[in-house]
Amino acid sequence: MQIKHKIQAFTLHEMIVVIILTSLIVGMAFSVLSLVQKHMHGIQNNFNKNTELNILEESLWLDFNRYFKIKYNAFEDVLIFVTEMDSVKYQFTETYIIKHTDTFNIQLQQKTFYFDGNSVQKGQVDAIKLETSKDMQNQSLFIFKQNDATLFMN
């Protein structure tokens, strides 16, 4: 007497189809992951650049309103803030701005200095307009201070 029991199993063809489909899905998942990582890297870079620009703006605002005299030396490309007790310098270079121990990694396309509403090339300053490079999305900063009468009397 012969007993026929059919064993329930997958055929070799069915297993190959499953492996091919799984590898396609895993491949698509890795390509999507790669795109997401590129986008996240771009977002992180933009955030870092904007944060750096915001820190520079805050530092300039504080110094413009804290110090009595502000002068720009065009020869050395230095913005100098002076009071009777202290002074701070901002050194401008092509790729960054240095303030004492702080370095702002910001490339400037143009910087314009103002005194009493007029553009100046050197000397006394009461406002500054900084325009960043294309790398920083051509953003601009305008920082100014209100002059009091003692500035004009001296």
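**Helix, rings and cavity**

Visitor: Is Trp61 buried, partly exposed or exposed?
Guide: This is a predicted model, and the value is computed from it. Buried needs a relative accessible area under 20%, and exposed needs one over 50%. Trp61 has a relative accessibility of 29%, so the residue counts as partly exposed.

Visitor: How many aromatic pairs does the structure hold, and what kind of pair do Trp61 and Phe144 form?
Guide: The count of aromatic pairs is eight. In the pair of Trp61 and Phe144, the ring centres are 5.3 Å apart and the planes stand at 75 degrees. An angle over 60 degrees counts as edge-to-face, so Trp61 and Phe144 are edge-to-face.

Visitor: How many residues apart in sequence are the parts that this pair ties together?
Guide: Trp61 belongs to helix α1, residues 12–66, while Phe144 belongs to strand β10, residues 140–144. Phe144 is partly exposed, at 34% relative accessible area. The pair therefore ties together parts whose separation in sequence is 83 residues.

Visitor: What kind of pair do Phe81 and Tyr90 form?
Guide: Both Phe81 and Tyr90 are buried. Their ring centres lie 5.4 Å apart and their planes are at 65 degrees, so this pair is edge-to-face.

Visitor: What distance separates the end C-alpha atoms of α1, and what span should the helix have?
Guide: Helix α1 has 55 residues, and at 1.5 Å a residue it should span 81 Å. The expected span agrees with the distance between its end C-alpha atoms, which is 80 Å.

Visitor: What separates the C-alpha atoms of Asn54 and Leu141?
Guide: Asn54 sits in helix α1 and is partly exposed at 45% relative accessible area. Along the chain, Asn54 and Leu141 are 87 residues apart. Their C-alpha atoms are separated by 9.3 Å.

Visitor: Which residues of α1 are buried?
Guide: The cut-off for buried is a relative accessible area under 20%. In α1 the buried residues are Leu53, Leu56, Ser59, Leu60, Asp63 and Phe64.

Visitor: What is the volume of the largest cavity, and how does its lining divide?
Guide: One cavity of 30 Å³ or more is counted, and the largest cavity holds about 50 Å³. Its lining consists of Asn46, Lys49, Asn50, Leu53, Asp135, Met136, Gln137 and Gln139. These lining residues divide into two nonpolar, four polar and two charged.

Notes
Residues numbered from 1 in each chain as written. Predicted model: local features only at pLDDT ≥ 70, side-chain atom pairs only at ≥ 80, totals over all residues. Heavy atoms only, no water. Phe/Tyr/Trp six-rings, centres within 6.5 Å; stacked < 30°, edge-to-face > 60°. Helix = DSSP H or I, 4+ residues; strand = E, 2+ residues; numbered from the N terminus. Buried < 20%, exposed > 50% of the residue type's maximum accessible area, 1.4 Å probe, protein only. 1 Å grid on protein atoms, 1.4 Å probe; cavity = no way out; pocket = protein on both sides within 12 Å on 5 of 7 lines; lining within 4 Å. Points joined across faces, edges and corners; volume = space filled by probe spheres on them. Nonpolar A, V, L, I, M, F, W, Y, C, P; charged D, E, K, R; others polar. Expected span 1.5 Å × (residues − 1).
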